[in-house]
Number of protein chains: 2
Amino acid sequence: MDLFSKVSRTAGKHSPLEEEVRKLPVPVSSVFLGKDGKIRPAAFRQTDMALVCKGHDRIRQVFPKTITKGGSAILEAVAASESESVAGKRVAVLFSGGPAAGGHNVLAGLAAVLGSNNTLLGIRKGPGGLVKGDIFEIEKESINSIINMGGFDFLGTDRTKIKTAEQFEKVKRTVVKNRLDGLVVVGGDDSNTNAAFIAEYLENEGIDCSVIGIPKTIDGDMAAGRYLPISFGFDTATKIYSELVGNLNQDAASAVKYYHVVKLMGRTASKITLEVALQTKPAVALISEEIAEKNMSLDSIVDHIARIITLRRFKGINHGVILVPEGLVEFIPEMGRLIAELNTVLAEYQKDITDLPSVEHKREFLLPRLTPQSAQLMASLPPDIQEMLILDRDDHGNVKVSQIETEKLLIEKIRYRLSEMKRHTDRFFGAGEGKIEASAEQVEDFKKVTLSTQSHFLGYEGRSSKPSRFDAAFTFQLGLAAGSLVLSGKTGYMAAITDFHKGGRVLALPLTGLVTAEMRHGKEEFVIEKSLVELSSPSFKIYAQNRDKWAIKDCFSSPGAMQYWGPTSRQVPMIVALDQDYPDFDSFDMGEEKQIIIE
Amino acid sequence: MDLFSKVSRTAGKHSPLEEEVRKLPVPVSSVFLGKDGKIRPAAFRQTDMALVCKGHDRIRQVFPKTITKGGSAILEAVAASESESVAGKRVAVLFSGGPAAGGHNVLAGLAAVLGSNNTLLGIRKGPGGLVKGDIFEIEKESINSIINMGGFDFLGTDRTKIKTAEQFEKVKRTVVKNRLDGLVVVGGDDSNTNAAFIAEYLENEGIDCSVIGIPKTIDGDMAAGRYLPISFGFDTATKIYSELVGNLNQDAASAVKYYHVVKLMGRTASKITLEVALQTKPAVALISEEIAEKNMSLDSIVDHIARIITLRRFKGINHGVILVPEGLVEFIPEMGRLIAELNTVLAEYQKDITDLPSVEHKREFLLPRLTPQSAQLMASLPPDIQEMLILDRDDHGNVKVSQIETEKLLIEKIRYRLSEMKRHTDRFFGAGEGKIEASAEQVEDFKKVTLSTQSHFLGYEGRSSKPSRFDAAFTFQLGLAAGSLVLSGKTGYMAAITDFHKGGRVLALPLTGLVTAEMRHGKEEFVIEKSLVELSSPSFKIYAQNRDKWAIKDCFSSPGAMQYWGPTSRQVPMIVALDQDYPDFDSFDMGEEKQIIIE
């Protein structure tokens, strides 16, 4: 074959890496292996571990059928007796929300465990496809082309929320029409809450269909402590972001002129930022949960960053990387209050504000209607941000918090603070609280600082990568677990794996034990609480203990591109290893490795 | 050791990958190996290949000394006789311009070949450091910590151009004061042109110091056909960009709603874009050289993209990736003319324009002073871009072409074009030149298209990565070659490697054969011409032949993270393999592998 042909033949997902990664073996826990070494469904036994959230009485009222049927106990997978065999079951699967690495291995796990005697169906484009009944039978062999491959493109995804009676009715129609014995929902906290409601609804309608959730989200916030250390996709996404942030660390130190300000995807939890910070040791990494818990103001955050920049400058370092979690703004208490007030005022005076001719007029109208604290904060923001807060509103008339360019807001504020520090050195340098100790020469040197910045947003690049070895293993087994749960007739559970360091322990968590009732805007909402960074966790503590030293000595690391072969290919996320008290983060063990070929 | 300590100990470039990659062996060509298998300097012999650029008579006048000494012949490295041994030489090295992966291995190669009998010195922060005399003796063992590591941070870099008599005088002072026998300049076309002048200047001053250039640039434009297929850094940068673009391809197909518009670093050549396009097969990749050669207008580029979006839509594909080379704007002939005219008018009427109060006034003043074609083009640009063209000028009063947000310009123009196509379907669909053939249903379906875009810029992430296995090998041998050239007393050469597929052939290219004289703005300038994408090259041809098919069938690939181990770790760039007529791109051979430890 000539080189022209060789290059042409890499098209359509046949690049050399894709071809080789498809062949990589995947570990399989012993509970899924028969005596012949082949994959077979596990059985489930009750454990003495129970999952109950606060307000469980209310949950009992809302999910009577599911709770009566399953109870609150966590189930554990065990090897099934060799005589048991289930056939003729029809199981459908859907992806919900943003892509995360490993989704296709969930399908592979399902296909492997259902075997040739049961049918696997795919639902196109997410929960919306479930409502519409957009469903097809998956030829199991076609799974061989997507094993260990990234993205959600085999099925597609969407963000439809199933809330109305009409939607539930349509879901029922899809289930009945397709004679589904099982429905597997791959998604985050919202989608798994939805799965809990669908399970209850179908039970209530007397329809025998197992509904099983699978914990997906790159943010890592769909987690449940020692039962489920992390959701899938987090490991891959943070490895990619760590590669890029590590490279920017190295670039900053090489070009010796820029601060790279990097916003990292993740609207709520700062777990991504914490993991990337532990991996790369940047100059600054802001952790939203810490900012909220310590009630830090925007000014005090800016102070913190300006102080680090100054201390680095004293060491001759005039460059670095600053990590900002995407959801930061809502975690700054005073910003949260400002946004809440703006939402109220914008709703109350909608017409007046619309009629006013210019942003300046609108601003003048708004400011007196805020509390003095919020008005002062608003006035201190860069003009672009103020304009955005006033003009850009979502369908509910609320401020589009996700659109706020946090990294640019911080850059402007830091720039302003540094110039203030240069003009009023006596106020900022010397002895005394909040001041920076510095010699006269250091202060003179500081006055010469210029701040050159580059801003970056890392997000989409990390969602659809081929899964890391860890995520490939994790998701394949989640698929095996979910398929086994359906074949065992369980409903209203989330498949989970834990003990990644010693063979992998396969659990089923009752969804009703994860859901809580919350009052939001005077309305009762049912949610699975997002798992956030805890300031008491080992992972946060080690970061907090080391960050100043790392920053001031510029102790960055550049952990490099994710590897599929070689000595570094089996790492687990540092935060998982730390918070689960594993002996190391450098290798996982989830069972015996098998090359997966679906026949 | 507990996990806290293990995590802490990854700080300061001790992540597991960094530790392991330091240990990776590097291939060494036989010309650098003694009978004992140890690294030693090569000798150089004349070949019958000569390097002569157009206008060489003028070059002869400008570089009389260098040309008299070395001639135009290309030298080839051969194993030196075992008796030869050089000691006591002092060789300094500097990095110039933006970082590129592998710079540190150049230092490792120099350290290895100079051995313990000669001295290696480092110049801090680039050519500026050479002028200032900011120089230090490198403890060779310290090189062990940077072998196979990314970035330029061991020395730092800058972009000083050495042009004035005073600067040359200072360079001489640095050379004399430090008793330098050699000066190795790691840089791109400008830096190597500078190296040629420094070589001539020192010869002319009667100072015996070898000046050797090393071809660095992620853009791949410092190249010389079969003598030097590519510069170092290109392979690593394009592997990283290909990983990310491949992931975005996969993400677009998964989330099924976005066109990701990705601007790729590289101000002149589109080689990066071409390589990434061959690796990933995106919906669209614009090649600046093609646009210039075909004299395409901005409108015709927008037409091309809108056509691809439409044809994909007909296949149900409403997402994808569009690659835009950073330097595109200057390659669009009409944009080039507009910018040239603006520069002239802005210079001529500087005072008038400054005095006018608003952008609107300035625009009104400018438009009548342009040619009608340029005025019309200017008026058709989005307001932001017009404002930028009028207001943002560099130190010479010229438009800051590099600041033009090309990706946003294209997005706005495409959006406008699509809405025009919806309003005037008869003009755009049907039979006839330039129209898109479509059924009535297809046209109706097209009207429902909404274009959601995300824009990205990939650049800094790719410059300071740890080098790919290829770049690690290439740069180590460039260091060996440069050191050998200095020890052989050669001056005014660029170290080069070719035949990456069969052992590596080590050459020395006379810098005076690369430099040409050009008239720019009525002034004679000496430059090394950038190596651009040639439309007649195999690499461009295979892309041009396949791109429509790849686009319309969405045949994307996702070549994944750069590997250091395993079956895909030895790839060479596809464009190199294609244009050099190698049998494959999947493995290089540059000699016998050696673990490098500098003692």
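Two residues are in contact if their C-beta atoms, placed from the backbone, lie within 7 Å. The structure is a predicted model, in which local features need pLDDT of at least 70 and side-chain atom pairs count only at pLDDT 80 or more, while totals for chains, interfaces and linings use all residues. Residues are numbered from 1 along each chain as its sequence is written, and chains are lettered from A and ligands numbered from 1 in the order in which they are written.

**Exercise 1. The core and L509(A)**

Task: Find which residues touch the most other members of the largest nonpolar core, and list what L509(A) is in contact with.

Solution: Begin with the terms: a residue is buried if 20 or more other C-beta atoms lie within 10 Å of its own, exposed if 12 or fewer, and partly exposed in between, with C-beta atoms placed from the backbone. A nonpolar core is then a set of buried Ala, Val, Leu, Ile, Met, Phe, Trp, Tyr and Cys residues joined through C-beta atoms within 7 Å. The largest such core holds 362 residues, and those touching the most other members are L323(A), L509(A), L323(B) and L509(B). Once neighbours within four places in sequence are set aside, the contacts of L509(A) are L51(A), I74(A), A224(A), Y227(A), L228(A), Y493(A), M494(A), A496(A) and L514(A).

**Exercise 2. Antiparallel strands in chain A**

Task: Trace how β3(A) is paired with β2 of chain A and with β15 of chain A.

Solution: Helices (H or I, at least four residues) and strands (E, at least two) are DSSP runs, numbered from the N terminus, and two strands pair if DSSP finds at least two bridges between them. First, β2 (residues 42-50) and β3 (residues 73-79) of chain A are antiparallel and share 6 bridges, with F44(A) standing opposite A77(A) of β3(A). Next, β3(A) is joined by 2 bridges to β15 (residues 505-510) of chain A, again in the antiparallel sense, and here L75(A) faces A508(A) in β15(A). Finally, the loop between β14 (493-498) and β15 of chain A contains D499(A), a residue other than glycine whose phi is positive, near 50°. D499(A) counts as partly exposed because it has 18 C-beta neighbours inside 10 Å.

**Exercise 3. The parallel sheet of chain B**

Task: Give the strand order of the open sheet of 4 strands in chain B, and say which helix lies across β10, β12 and β13 of chain B.

Solution: The order is β11-β12-β10-β13 (chain B), and the pairing is parallel. The edges are held by β11 (284-285) and β13 (452-458) of chain B, each of which has a single partner strand, so one side of each is left without a neighbour in the sheet. Within the sheet, β10(B) and β12 (residues 320-325) of chain B are linked in parallel by 6 bridges, and V262(B) stands opposite L323(B) of β12(B). The helix is α19 (residues 406-423) of chain B, which runs at about 145° to β10(B), where axes are lines fitted to C-alpha atoms, for helices over the stretch in contact, and angles run from 0 to 180 degrees between N-to-C directions. In the loop between α9 (234-255) and β10 (258-264) of chain B lies V256(B), whose phi is positive at near 45° although the residue is not glycine. V256(B) is buried, because 20 other C-beta atoms lie within 10 Å.

**Exercise 4. Where the chains meet**

Task: Describe the side of chain B that touches chain A, by element and by class.

Solution: In all, 69 residues of chain B are in contact with 69 residues of chain A. On the chain B side, two or more residues come from each of α1 (3-8), α2 (16-22), α9, α10 (271-280), α23 (538-552) and α24 (574-579) of chain B, and α9(B) gives the largest share, 8 residues. By class, this side of chain B has 30 nonpolar, 26 polar and 13 charged residues, where Ala, Val, Leu, Ile, Met, Phe, Trp, Tyr, Cys and Pro count as nonpolar, Asp, Glu, Lys and Arg as charged, and the others, Gly among them, as polar. As for α10(B), 10 of its 10 residues are buried, so α10(B) is largely enclosed by the rest of the structure. Just after α10(B), K281(B) takes a positive phi of about 50°.
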